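I'd like to walk through one model today, strand by strand and then out to a helix pair and a couple of loops. Let me put it up on the screen.

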Amino acid sequence: MKYRDFGNTGLKISDIVFGAGGQGGIVFRPERQVRLDAVRRALDFGINWIDTAAQYGDGESEENLGWILKELGAKPTISTKARIDLEHVGDIPGEIQRSVQASLQRLQMDSVDVLYLHSTVTKGRGAFRESISIDDVLGPNGVVEGFRRLKEQGLSRFFGFTGFGDTECLHQMITSGHFQAVQAYYNLLNPSAGRSVPTGFSAHDYRNLIGLARQHGVGVHCIRILAAGAVAGAEPSGRVLSPGSAGADDLARMAQVKQIIEQNESGTMVQAAIRFGLMNPGVSGMLVGFGQLEHIDEAVAADDRGPLADGTMQKLDQLYNTDFGRI
């Protein structure tokens, strides 16, 4: 396993991050031993970060990780998340406090290493999937104030946000200096968080959010690296979190990407997706959800394979520069 700096936090992060959410969902498996074996195997490979959230299984992910890590006697880096629903915008710091205290109880921990804001952020409230506004984040009695209070109490060392919402708002949060981490939507089907794309790009344009984060010393977890399953050839599951990346559109993009990868690379599509993300110097780690024990082996093997070939990247660049032929 290889390791990278996580922004300016001083943390060293494994290239592969264990995603304990619903995508993959191995920590939700009914077989207790499988859950235990999955975390043990990941840690044995050198994966040193596990990412969870209060919303994953309505707390079940955190609860399962709590007993698993206690039984293994393991202390990897842990990140979790707090979401602000619109009904709670009148007391954002209080809602963050309540959420984190409940998370820590489930995790059986006194503190976490990183707490992420798990809400979409837009210019105005409710513009996309019950989003909160940028003023709710940076303004008086907002998210930043809530995070400051947690810092004073020693409940979290660092703070970040999931990178969904208005691109301008996400960039503003990075440049504000209040956040040390971001989870960026970045994959073979929408690379805009890590490079320029044509004007009017058919998926959401994150305008090189990863490059901006790197400039400001903000650590980056890449999320949705399989585009909710489309990269692996499956019908995308779950909510459409990034505009322009609905199932039919992503499957059409994937047909073109797959042809390039299969003609130029060995290994699986999942491994190609991981290798693609790790090529970006601003990426700290690839957050991967595992459904089976073998998926952990597959992800770790991808790290060993190194970057995609120059010829592969040239063909992908041509594809991106034409916006997939305007699918």
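So here's one to start with: in β11, which residue is the bridge partner of Y185? That would be I223. Before I go on, keep in mind that this is a predicted model.

Let's stay with the strand that Y185 belongs to, β10, residues 181-185. β10 is mostly covered, with five of its five residues buried. And what about its two faces? Both faces of β10 are covered. On one side you have A181, Q183 and Y185, on the other V182 and A184, and all of them are buried.

Now the neighbours of β10. Strand β9, residues 156-162, pairs with β10 in the parallel sense, over three bridges. If you want a landmark there, look at G160, whose bridge partner in β10 is A181. Then there's β11, which also pairs with β10 in the parallel sense, this time over five bridges. The Y185 and I223 pair from my opening question belongs to that pairing of β10 with β11.

Keep going and we get from β11 to β12. β11 covers residues 219-223, and two bridges join it to β12, with the strands running parallel. Here the pair to click on is C222 and its bridge partner in β12, M286.

β12 also pairs with β3, residues 16-19, again in the parallel sense, and over four bridges. In that pairing, G19 stands opposite G289 of β12.

So is β12 enclosed or open? It spans residues 285-289, and four of those five residues are buried, so β12 is largely enclosed by the rest of the structure.

Have a look at α9, residues 269-278, and α10, residues 293-305. How do they pack? Their axes are 9 Å apart and the angle is about 50°. That angle falls between the ranges for roughly parallel, under 35 degrees, and roughly perpendicular, 65 to 115, so α9 and α10 count as oblique to each other. The crossing is right-handed.

And who's actually touching whom? From α9, it's V270, Q271, I274, R275 and L278. From α10, it's E298, A299, A301, A302, D303 and R305. Sorted by class, the contact of α9 with α10 has six nonpolar residues, one polar and four charged.

Q292 has a relative accessible area of 42%, which makes it partly exposed. Setting aside neighbours within four places in sequence, Q292 is in contact with I26 and R29. How far is Q292 from V34 in sequence and in space? The two are 258 residues apart along the chain, yet 8.5 Å apart C-alpha to C-alpha.

The other glutamine is Q55, in the loop between β4 and α2. Q55 has 24% relative accessibility, so it counts as partly exposed, too; the cut-off for buried is under 20%. Again leaving out neighbours within four places in sequence, Q55 contacts K81, R83 and H118.

Technical notes. Residues are numbered from 1 along each chain as its sequence is written. This is a predicted model: local features need pLDDT of at least 70, side-chain atom pairs count only at pLDDT 80 or more; totals for chains, interfaces and linings use all residues. Side-chain values use heavy atoms; hydrogens and water are left out. Buried means under 20% relative accessible area, exposed over 50%, partly exposed in between (1.4 Å probe, protein chains only). Two strands pair if DSSP finds at least two bridges between them. Axes are lines fitted to C-alpha atoms, for helices over the stretch in contact, and angles run from 0 to 180 degrees between N-to-C directions. Angles under 35 degrees count as roughly parallel, over 145 as roughly antiparallel, 65 to 115 as roughly perpendicular and the rest as oblique. A crossing is left-handed if the near helix is turned anticlockwise from the far one by less than a right angle, and right-handed if clockwise. Contact means heavy atoms within 4.5 Å. Ala, Val, Leu, Ile, Met, Phe, Trp, Tyr, Cys and Pro count as nonpolar, Asp, Glu, Lys and Arg as charged, and the others, Gly among them, as polar.
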